[in-house]
Amino acid sequence: MTDVLSLFQKHMQNDDPTGWFEELYALADGDPDNVPWARLQPNINLTEWQQREQRDGTGKTALVVGCGLGDDAEYIAGMGYTVTAFDISESAIDWCKRRWTDTTVTYIQADLFDIPFTQQFDFVYESYTVQALPPPLHERALLQVAATVGGELLLVCRGRDESEPQGSTPPWALSTGQLATLEQNGLAPAAFEDFFAAGARRFRALYTRL
């Protein structure tokens, strides 16, 4: 298993807080066991939500932020959406294209802080991406996510109380106060769930464009 903490610390010392993602996927060399968060199946917090909500994306667009190996993107495509999915890691995107040779998803290598498109999407899904970034980047990252939303945003992250310390290594849990940043870019909260899963506190929040 790749030593994620060592990779992260090395890139932080080089003032490159997002560069460790590419190095991790490149070092994995096609072996998902070397990517700690790779489950080769869609996130259960997405699938349970969809089983309850039964969203039909026919004729609508969707964006997956930080798509990793593509399982969530493919699941959302199965909901009927026309999906664009991006990740900062070129190796991850190449991996997606090898895994999903008959996909309808458009996979793009892109940096959340320099997204190469201006389109807003009917449905945006962000799961565990912002929490993998150092806390000083959280507000900017959330504003960037919000800017891509034309209809709805479903966000899943680790959660914490405002008074809880964030710690010094990823993942960094987000507070409800931090999530309120999304409202600065014209989104309104529509639903919020605070629960424990897999030994950690989670938030699952739905926002809509005003």
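A residue counts as buried under 20% relative accessible area, as exposed over 50%, and as partly exposed in between. In this predicted model, Arg 99 has a relative accessible area of 29%. Arg 99 is therefore partly exposed.

Arg 99 belongs to helix α5, which covers residues 90–99. Leaving aside residues up to four places away in sequence, Arg 99 touches Leu 40, Leu 69 and Asp 71. With Asp 71 there is also a polar contact: the two side chains are joined at 2.9 Å. Gln 109 lies ten residues from Arg 99 in sequence. The C-alpha atoms of Arg 99 and Gln 109 are 16 Å apart in space.

A helix pair was examined next. Helix α1 spans residues 4–13, and helix α2 spans residues 19–28. The two pack with their axes 9 Å apart, at an angle of about 140°. Angles over 145 degrees count as roughly antiparallel, and those from 65 to 115 as roughly perpendicular. The α1 and α2 pair is therefore oblique. The crossing of these two helices is right-handed.

On the α1 side, the contact is made by Val 4, Leu 7, Phe 8, Lys 10 and His 11. Helix α2 contributes Gly 19, Trp 20, Glu 23, Leu 24 and Leu 27. By class, six residues of the α1 contact with α2 are nonpolar, two are polar and two are charged. Lys 10 of α1 and Glu 23 of α2 are among the residues making this contact, and both Lys and Glu count as charged.

Definitions and conventions:
Residues numbered from 1 in each chain as written. Predicted model: local features only at pLDDT ≥ 70, side-chain atom pairs only at ≥ 80, totals over all residues. Heavy atoms only, no water. Helix = DSSP H or I, 4+ residues; strand = E, 2+ residues; numbered from the N terminus. Buried < 20%, exposed > 50% of the residue type's maximum accessible area, 1.4 Å probe, protein only. Contact = heavy atoms within 4.5 Å. Polar contact = N/O pair within 3.5 Å; in protein donor to acceptor, adjacent residues only side chain to side chain. Axes fitted to C-alpha atoms, helices over the stretch in contact; angles between N-to-C directions. Parallel < 35°, antiparallel > 145°, perpendicular 65-115°, else oblique. Left-handed = near helix turned anticlockwise from the far one by under 90°.
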